[in-house]
Amino acid sequence: MSARAVFLDRDGTLIEEVGYLDRKERVELYPWTIDALRALNRANFHTVMVTNQSGVARGFFSEAVVDDVHAHIAALLESGGARLDAYYYCPHHPDGKITQYAVRCDCRKPARGLVDRAVRELGIDPAQSFVVGDRWLDVELARAVGARGILVRTGYGLTEEMRPRESLAADAVVDNLIAAVSWILGSVG
Ligand SMILES: [Mg+2]
Ligand SMILES: [Zn+2]
């Protein structure tokens, strides 16, 4: 049986949006992030971070820095009894400065590559899954893979909400991640 997952954007969804995050010291979880993840962990959802980190392609920071930031997030979560099952990111951007990352890839959201990786590596069924993020591209990703998409108003979410996209509707628009988790748990009964 395939597993269900909640795919979680990082910046503006799990942690404060601070622009290009180049040091782990700048990581700030939202006050509700640990509770939200614990609820998903208890409900047997796989929790998978999916984040665009074009700062790598642009030469602002290395993949080692991204890994360091994610190890730090994992430690913060663990100290609160919560966990993410996987940390997936896209380091690419077509206009990047670093040649090896300056490609038109299949994993930069809203492209579906990171979700496809979770299908392969974790046996996730996207049709039973959700995407939560603060950008329309997160909702587009949900549409692309047949998952349900929730826009949160943290990060860029409020601005995004005020600029609706033609023929792209979220399944829900909610204040923050904990509200998104309530919506998800309510919708699966
Ligand atoms: Mg974001
Ligand atoms: Zn990519």
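User: Why is Asp-11 called buried?

Analyst: This is a predicted model, and its values are computed from the atoms. Asp-11 has a relative accessibility of 12%. Buried means under 20%. Asp-11 therefore counts as buried.

User: Is Asp-134 buried or exposed, and how do you know?

Analyst: Asp-134 has a relative accessible area of 1%. The cut-off for buried is under 20%, so Asp-134 is buried.

User: What makes the site of the zinc ion (ligand 2) tetrahedral?

Analyst: There are 4 donor atoms, with angles of 103 to 117° among them. Four donors count as tetrahedral if all angles lie between 85 and 135 degrees. The angles meet that rule, so the site is tetrahedral.

User: Which atoms coordinate the zinc ion (ligand 2), and what makes them donors?

Analyst: Cys-90 (SG), His-92 (ND1), Cys-105 (SG) and Cys-107 (SG), at 2.0 to 2.3 Å. The limit for a donor is 2.8 Å. The sequence spacing is C-x1-H-x12-C-x1-C. Cys-90 in strand β3 and Cys-107 in the loop between β3 and α3 are 17 residues apart.

User: Why are Cys-90 and Cys-107 called buried?

Analyst: Cys-90 is at 0% relative accessibility. Cys-107 is at 11%. Buried means under 20%, so Cys-90 counts as buried, and so does Cys-107.

User: Where is Lys-109, and why is Lys-109 called buried?

Analyst: Lys-109 is in the loop between β3 (86-90) and α3 (113-122). Its relative accessibility is 3%. With the limit for buried at under 20%, Lys-109 counts as buried.

User: What makes the link between Lys-109 and Asp-9 a polar contact?

Analyst: Their side chains are joined at 2.9 Å. A polar contact needs a pair of N or O atoms within 3.5 Å, one able to donate a hydrogen and the other to accept it. The pair is listed as such a contact. Leaving aside neighbours within four places in sequence, Lys-109 is in contact with residues including Asp-9, Asn-52, Asp-138 and Leu-141.

User: Why is the pair Arg-26 and Asp-22 called a salt bridge?

Analyst: The closest N and O atoms are 3.1 Å apart. The rule asks for a side-chain nitrogen of Lys or Arg within 4 Å of a carboxyl oxygen of Asp or Glu. The pair therefore forms a salt bridge. By this rule the count comes to 11 salt bridges.

User: Why is Arg-26 partly exposed rather than buried?

Analyst: Arg-26 is at 28% relative accessibility. Buried is under 20% and exposed is over 50%. The value lies in between, so Arg-26 counts as partly exposed. Asp-22, at 33%, also counts as partly exposed.

User: What makes Arg-135 and Glu-160 a salt bridge?

Analyst: Their N to O distance is 3.4 Å, and the limit is 4 Å. The pair links distant parts of the chain: Arg-135 sits in the loop between β4 (130-133) and α4 (136-145), Glu-160 in helix α5 (residues 157-162), 25 residues apart. Arg-135 is partly exposed at 31%, whereas Glu-160 is buried at 8%.

User: Which residues have the most contacts inside the largest nonpolar core?

Analyst: Val-6, Leu-8, Leu-14, Leu-37, Ile-73, Val-132 and Ile-150, in a core of 28 residues. Elements supplying at least two residues each include β1 (5-8), α1 (33-42) and α2 (63-79). Another core, of 18 residues, lies apart from it, with Ala-5 and Tyr-88 among them.

Conventions:
Residues are numbered from 1 along each chain as its sequence is written. Chains are lettered from A and ligands numbered from 1 in the order in which they are written. This is a predicted model: local features need pLDDT of at least 70, side-chain atom pairs count only at pLDDT 80 or more; totals for chains, interfaces and linings use all residues. Side-chain values use heavy atoms; hydrogens and water are left out. Helices (H or I, at least four residues) and strands (E, at least two) are DSSP runs, numbered from the N terminus. Buried means under 20% relative accessible area, exposed over 50%, partly exposed in between (1.4 Å probe, protein chains only). Contact means heavy atoms within 4.5 Å. Donors are N, O and S atoms within 2.8 Å of the metal (3.2 Å for Na, K and Ca); water is not among the atoms, so sites may look incomplete. Four donors count as tetrahedral if all angles lie between 85 and 135 degrees; four count as square planar and six as octahedral if opposite donors are over 155 degrees apart and all others between 65 and 115; anything else is irregular. A nonpolar core is a set of buried Ala, Val, Leu, Ile, Met, Phe, Trp, Tyr and Cys residues joined through side-chain atoms within 4.5 Å.
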